[in-house]
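The following note concerns the charged side-chain pairs. Please read the points alongside the coordinates.

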Amino acid sequence: MLDAMIYALPFLLEGLWITVVVSILTVSISLVAGLALGCALVYGPLPLRLLVRIFSDTIRGIPILVLIFFVYYGFPAIGIDFDSFWAAVTALTLFKTAQVIEYVRGAVASIPRGQSEAAMAIGLTFSERLVSVIFPQALRRFLPPWINGVTDAVKGSALVSLLGVTDLMYAINQVIGRTYEAMPLYVLGAVIYFVINFSLSTLSRRLERRFSFVQA
Amino acid sequence: MNPPLLTIRDLRKSFGKTEVLKSVDLDVGRGEVVAVIGPSGSGKTTLLRCINFLEAYDGGSIRIDDSEVGYNDARKRRGERALARMRAETGMVFQSFNLFPHLTAAGNIMLGLTKVRRKSRSEARDIAKVWLERVGLGHKADALPSELSGGQQQRVGIARAVAMEPKILLLDEITSALDPELVGEVLEVVRGLAAEGMTMLMVTHEIAFARDASSRLVFMADGAVAAEGPPADLIASAEANPRLNSFLARFRASNF
Ligand SMILES: Nc1ncnc2c1ncn2[C@@H]1O[C@H](COP(=O)(O)OP(=O)(O)OP(=O)(O)O)[C@@H](O)[C@H]1O
Ligand SMILES: [Mg+2]
């Protein structure tokens, strides 16, 4: 059993690298897009708000697996061609973006109106109010679900193996295909996923503590 | 005589179909302390919010130092930056304090000083210290709002507003969210500001305080100023005004 694991390790590490890259791309692009669209949903003009709302509801209404295949097979049909790696990243990012939009909306909506009114009263402009008053307070509401979502993204990235992208999951299955030793490899795979996510959630708890101030 | 600092003429404001301010006329002179009383729903809060343009008004005019609040000469809403600059000239103290919970007492005061008044952090901190000292909270500069009592929070709220050196201070029932034993310390601060010549327009349910601390009492009813005058005169003449009389009756029953 140990032999099988040692044999598999180099393959798995290569796969792990892809898993990490996919996760980082998904998480960082969705963070930027989600923040922008989330703000548009809260503060934008009505047509823009509607568009974002439709986008978010549609994406969240589709199982992520369907979304992945939809992007992989559907986008080339409308002239957007990309390989399985980028198709997978795009689908995961769309999915994650829709989530981030909702976290942003929830976090900003949780700040009482009186906060922006007090900020207005001392003469802050809209962007100053966001930067100095709203966002710092919204951050502590945003972080817990978002960091949870990061571990989800790592786990969810295993779905890219379905498009033949050689991530950790795919590498595990490949090695099993050669060695017929399923159990030790799945255990090893599970341990690797667990170690990543456990470190992430430990980090997240520390971040949350760092950003939590006692609310009045 | 100098023209008044604040001039309100025929101010009208509706929320949907409800006409909240029907036609308000009011002047506040420099250094004057004007107290607004009136039954719940008469539009007192809405009036203050219009003066600070937290609420856009529908008709009439509000002028501070001869410039129209919120609108330019063509009666178009001013741009975001111009509005912000105008609001900085009117301080507002809220019933529910509305301190920024993520900033310390000093930080609450410093925010406007650094961002709006463009002071350096150390300069802003010195000013914050001075004002905290003035409201009796010099030792609480680094406390978060959640670590302060209601009365202390409201005193920080006042310090935050006056540190901006506004032309006029608007106070909306600033003691009504406080436990009775904490009201005194906050009113004491207001009294001190009045003595120093701060121009103030305050909505209050503390009739005795309004009578003692203000130079003029304004009675609002039904979205308009129903009566006004020097406190003693207005109260003495209440018999002649049924609405004012019945409003004051509630307070006479207690210790007033
Ligand atoms: N944002 C709003 N939308 C709709 N109606 C509002 C809004 N704000 C106030 N009103 C209504 O306007 C009327 C006047 O409200 P306002 O808060 O100005 O009264 P007030 O004199 O301050 O009363 P109180 O003594 O209870 O504070 C009330 O009938 C209230 O319901
Ligand atoms: Mg009110």
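1. In this predicted model, B:K22 and B:D222 are joined by a salt bridge, with an N to O distance of 3.6 Å. B:K22 belongs to strand β2 (residues 18–28) of chain B and B:D222 to the loop between β9 (216–221) and β10 (224–229) of that chain, so the contact ties together parts lying 200 residues apart in sequence. B:K22 is partly exposed, because its relative accessibility of 35% falls between the 20% and 50% limits.

2. A salt bridge also links B:E89 and B:R117, whose closest N and O atoms are 3.6 Å apart. The two residues are 28 residues apart: B:E89 sits in the loop between α2 (80–87) and β6 (90–93) of chain B, and B:R117 in the loop between α3 and α4 of chain B. B:E89 is partly exposed at 23% relative accessibility, and B:R117 is likewise partly exposed, at 26%.

3. Salt bridges with shared partners connect A:R53, A:D57, A:R60, A:E102 and A:R105 into one network.

4. Which residue of chain A forms a salt bridge with B:R118? The partner is A:E128, the closest N and O atoms being 3.8 Å apart. This pair joins two chains, because B:R118 lies in the loop between α3 (105–115) and α4 (121–134) of chain B, whereas A:E128 lies in helix α6 (residues 126–156) of chain A. B:R118 is exposed, with 58% relative accessibility, while A:E128 is buried, with a relative accessible area of 12%.

5. Over all chains, the structure holds 27 salt bridges.

Methods
Residues are numbered from 1 along each chain as its sequence is written. Chains are lettered from A and ligands numbered from 1 in the order in which they are written. This is a predicted model: local features need pLDDT of at least 70, side-chain atom pairs count only at pLDDT 80 or more; totals for chains, interfaces and linings use all residues. Side-chain values use heavy atoms; hydrogens and water are left out. A salt bridge is a side-chain nitrogen of Lys or Arg within 4 Å of a carboxyl oxygen of Asp or Glu. Helices (H or I, at least four residues) and strands (E, at least two) are DSSP runs, numbered from the N terminus. Buried means under 20% relative accessible area, exposed over 50%, partly exposed in between (1.4 Å probe, protein chains only).
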